[in-house]
Amino acid sequence: MILADKIIELRKKNGWSQEELAEMLGVSRQSVSKWESAQSVPDMNRILKLSEVFGVTTDDLLKDELELPAERPAETLILQSAQTTDIPEVRNVSMEEAVAFLEFKNSMANRVSIGVMLCILAPVTLILLSGAQEAGIAALSEAQAAGIGLVVLLLMVAVAVAIFVLMGIRGSGYEFFEYEEIETAYGVDGMVRERRERFRSTYTWHMVAGIALCVISAIPLFVTMIMVGEQEEFAYVMAIGMLLILVAIGVFMIVRSSIVWGGFQMLLQEGDYTVARKEENRRNEHLDAIYWCTVIAIYLAYSFITGRWDRSWIVWPVAGVLFGAVRAIAGVVRKKG
């Protein structure tokens with residue numbers, strides 16, 4: 001008798017549904033269904049829990065040539081199934097959970113990178129319309145140009161914020177990958193490393209190309225200064241629009257590849273997600289939120305007050321550089337405290 005058949009027989013002998021057994025084991029009903037149909041095999045921690053809940057030994061469950069022991073008194077089974085075990089400090093991750101997490105990170109990477117790109121591109125319409133109106137190219141009043149540009153800007157920002165909030169809600173169930181120590185089931189480590197190696201060339205190419213685009217984004221502005229001079233103001237407006245478009249494409253590539261790569265690192269507990277770094281991330285969680293909310297507020301306030309959207313984007317690379325310094329200072333202060 002194979003493990004799948006033994007799970008079915010023991011579950012039915014105790015009169016439990018798949019949902020009830022899943023609740024006792026702390027897994028989903030789909031996991032129990034896959035075990036019973038032999039589509040997957042529970043990891044060792046689940047095997048131990050199954051033996052405890054059913055009141056049998058692990059040998060009874062795992063050895064195919066052994067039959068199940070005679071039924072034990074109902075009181076014994078009820079007592080054993082009601083026993084609680086110490087909750088391990090290490091979070092166990094099955095193959096199904098790992099695959100679902102990687103699929104979520106890939107979906108999240110696409111959407112969040114689009115949201116970031118929308119934030120960068122949001123002022124382009126306002127800049128172009130205002131420049132066209134001042135140059136007499138567009139038959140619009142100053143108020144009309146500003147009004148249309150601001151409507152487009154706010155709509156794009158609203159879509160981006162909606163994406164961020166939606167991804168945050170959907171990803172709430174996976175937050176433990178970033179902050180808690182995990183132990184993966186047999187085969188998960190190899191699967192993740194294989195996928196990471198397949199993605200490595202894409203990650204490298206996207207990071208190099210994205211950074212290069214951000215660096216060369218100012219070239220259209222410099223070329224305009226050389227070729228046109230100060231007479232054609234609208235040419236400068238076009239150059240600024242091109243600058244933001246190049247930055248948006250570059251940041252899109254960087255953010256998307258970084259999120260996918262970060263998913264692999266979280267499962268393997270490498271890079272920024274080692275056990276020690278996860279503890280640090282957990283301590284800095286609130287600090288990070290306050291820091292980036294402050295940066296967003298400064299960016300929006302400066303941009304709206306001065307109207308210099310062509311310059312305000314510089315806030316983001318500066319904030320990224322300062323972020324490391326802020327974390328380092330927080331760590332020193334925490335140690336002294």
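**Exercise 1.** Locate Met-227 and Thr-224, and decide for each whether the residue is buried or exposed.

Solution. In this predicted model, Met-227 lies in helix α12, and Thr-224 has its place in helix α12, which covers residues 219–227. Next, take the relative accessible areas: Met-227 has 65%, and because exposed means over 50%, Met-227 counts as exposed. Thr-224 has 10%, and because buried means under 20%, Thr-224 counts as buried. Finally, look at the side chain of Thr-224, where a polar atom lies 2.7 Å from the backbone oxygen of Pro-220.

**Exercise 2.** Find which elements give two or more residues to the nonpolar surface patch, and which gives the most.

Solution. Begin with the members, which are Ile-211, Val-215, Ile-216, Ile-219, Phe-222, Val-223, Met-225, Ile-226 and Met-227, and which together have about 930 Å² of accessible area. The elements that give two or more residues are α11 and α12, and α12 gives the most, with six residues.

**Exercise 3.** Classify the aromatic pair of Tyr-203 and Trp-261, and work out what parts the pair ties together.

Solution. The structure holds eight aromatic pairs. In the pair of Tyr-203 and Trp-261, the distance is 4.4 Å centre to centre and the angle between the planes is 10 degrees; since planes under 30 degrees apart count as stacked, this pair is stacked. Tyr-203 lies in helix α11 (residues 188–216) and Trp-261 in helix α13 (residues 233–268), so the pair ties together parts that are 58 residues apart in sequence. Trp-261 is buried, at 11% relative accessibility.

Notes. Residues numbered from 1 in each chain as written. Predicted model: local features only at pLDDT ≥ 70, side-chain atom pairs only at ≥ 80, totals over all residues. Heavy atoms only, no water. Helix = DSSP H or I, 4+ residues; strand = E, 2+ residues; numbered from the N terminus. Buried < 20%, exposed > 50% of the residue type's maximum accessible area, 1.4 Å probe, protein only. Polar contact = N/O pair within 3.5 Å; in protein donor to acceptor, adjacent residues only side chain to side chain. Phe/Tyr/Trp six-rings, centres within 6.5 Å; stacked < 30°, edge-to-face > 60°. Patch = residues over 30% accessible without salt bridge, like charges linked within 9 Å, V, L, I, M, F, W, Y side chains within 5 Å. Areas by Shrake-Rupley, 256 points an atom, 1.4 Å probe, with all protein chains shown as cover. Salt bridge = Lys/Arg side-chain N within 4 Å of Asp/Glu carboxyl O.
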